[in-house]
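Hi everyone, thanks for coming. Let me bring the structure up on the screen, and then we can walk through it together.

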Amino acid sequence: MKIQALAVLKSGEGLKPFEYDTEIGVNDVLVTLKYCSMARGDVRFMSNFWGDTNFPLVPSSEMFGVVEQKGSDVKDIEIGDYVGIGYQMSSCHECEYCLVGKEQFCHSQKVLAVGGFGGLAKQIVFDSRFVFKIPTELQNPNCVSLMCSGLTVYSAIKRGSPQSGMKVGVVGVGNLGHLAIQILNKMGCKVTAFSHILDKQSELLKIGAEEVIDSTSTDALKNCKNQFDFIISTSSKSLEWSQYISALKPLGNLMFVGLPEKEVSFPAELLADYAQRGILGSYIGSPTEMRELLEFAKQNSISAVANVYPVSEINQVVADINENKSNFSTVIDLSNWK
Ligand SMILES: [Zn+2]
């Protein structure tokens with residue numbers, strides 16, 4: 001069958017109408033798409049920022065839609081279900097990671113943009129084991145970003161084991177960061193947002209931050225010494241990491257989900273300065289965590305602050321993301337596909 005999409009045919013080119021052939025395998029579902037997100041990562045894939053993009057590229061690694069057809073071995077997903085799809089396309093289901101429900105570490109996995117065509121399309125065929133039913137309460141464009149951005153911060157936050165009442169920090173308050181603030185707040189933590197964009201302050205307080213600190217102010221950061229149980233950085237900027245490590249309590253962890261452009265360097269003694277501090281990193285999350293997050297988001301009314309645009313405005317949307325004009329989450333309404 002043929003799928004209609006928009007694709008970048010060569011690195012550096014704009015999006016153009018594109019059609020590709022695919023088949024529905026025994027474990028696959030055919031989903032007619034309603035919404036997909038466009039994030040900084042998608043735009044970076046379009047320009048081959050990481051060097052591993054496969055062209056033609058159909059961008060977007062988060063999408064919502066409705067199941068139209070299913071393969072003979074598909075369990076738990078029915079025709080007509082409203083579903084969400086994220087970055088991971090497949091795994092081997094046999095390795096040491098797959099067998100313990102950590103499919104995101106499978107060495108045979110495929111992911112969108114590198115291994116397959118994404119969600120900026122009329123439809124998609126996807127392995128049903130990486131397709132998730134979306135609760136009625138979350139069936140709206142503000143929740144599309146839960147599928148990859150939300151999962152990434154949720155899994156990273158769980159690894160940091162934050163407990164209710166703990167003091168935690170979120171560095172960088174874009175798409176990932178504003179979801180991290182909400183999740184940590186609903187887990188009962190006291191959340192400090194670190195941002196250089198102080199005009200976002202009132203919005204950040206509204207979604208669950210207790211205070212906002214200027215991430216570039218050396219003086220402000222000095223006052224944070226030994227205060228935080230956990231800090232998650234979603235920033236791609238190169239910041240004074242020593243100051244953030246010093247801001248941790250003796251057993252605190254600094255978790256990177258955003259990847260700074262420059263090498264991260266700091267004196268190792270900061271980890272052991274009357275302390276046992278840790279530096280952690282994280283990569284997406286497992287299907288089990290995805291289901292957990294959807295339930296958690298439903299119970300706690302977590303959703304992104306999204307701007308929604310028709311697919312006809314896609315080139316302007318990409319230009320705005322490139323120029324840092326987009327705010328938290330950007331979603332494309334795919335219902336008027338031509
Ligand atoms: Zn595996």
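I'll talk about the domains, then the core, then a pair of helices.

First, some ground rules: this is a predicted model, where local features need pLDDT of at least 70, side-chain atom pairs count only at pLDDT 80 or more, and totals for chains, interfaces and linings use all residues. Residues are numbered from 1 along each chain as its sequence is written.

The domain assignment, automatic or from a database, gives domain 1 (2–145 + 306–333) and domain 2 (151–281). Their C-alpha centres lie 29 Å apart. Here 5 residues of domain 1 are in contact (C-beta atoms, placed from the backbone, within 7 Å) with 5 residues of domain 2.

Now the core. The largest nonpolar core has 91 residues, and V153, V170, A180, I231 and I232 touch the most other members. A core like this joins buried Ala, Val, Leu, Ile, Met, Phe, Trp, Tyr and Cys through C-beta atoms within 7 Å; buried means 20 or more other C-beta atoms within 10 Å of a residue's own. Both domain 1 and domain 2 give residues to this core, so it lies between them. Take I232: beyond its neighbours within four places in sequence, its contacts include V153, V170, A180 and M255.

Finally, helices α2 (residues 149–159) and α8 (residues 287–300), whose axes come within 10 Å and cross at roughly 100°. That makes α2 roughly perpendicular to α8, a label for angles of 65 to 115 degrees. Helices here are DSSP runs (H or I) of at least four residues, numbered from the N terminus, and axes are lines fitted to C-alpha atoms over the stretch in contact, with angles from 0 to 180 degrees between N-to-C directions. On the α2 side, the contact includes L151 and Y154; α8 brings E289, M290 and L293.

How values were computed: Buried ≥ 20, exposed ≤ 12 C-beta atoms within 10 Å, placed from the backbone. Contact = placed C-beta atoms within 7 Å. Helix = DSSP H or I, 4+ residues; strand = E, 2+ residues; numbered from the N terminus. Parallel < 35°, antiparallel > 145°, perpendicular 65-115°, else oblique.
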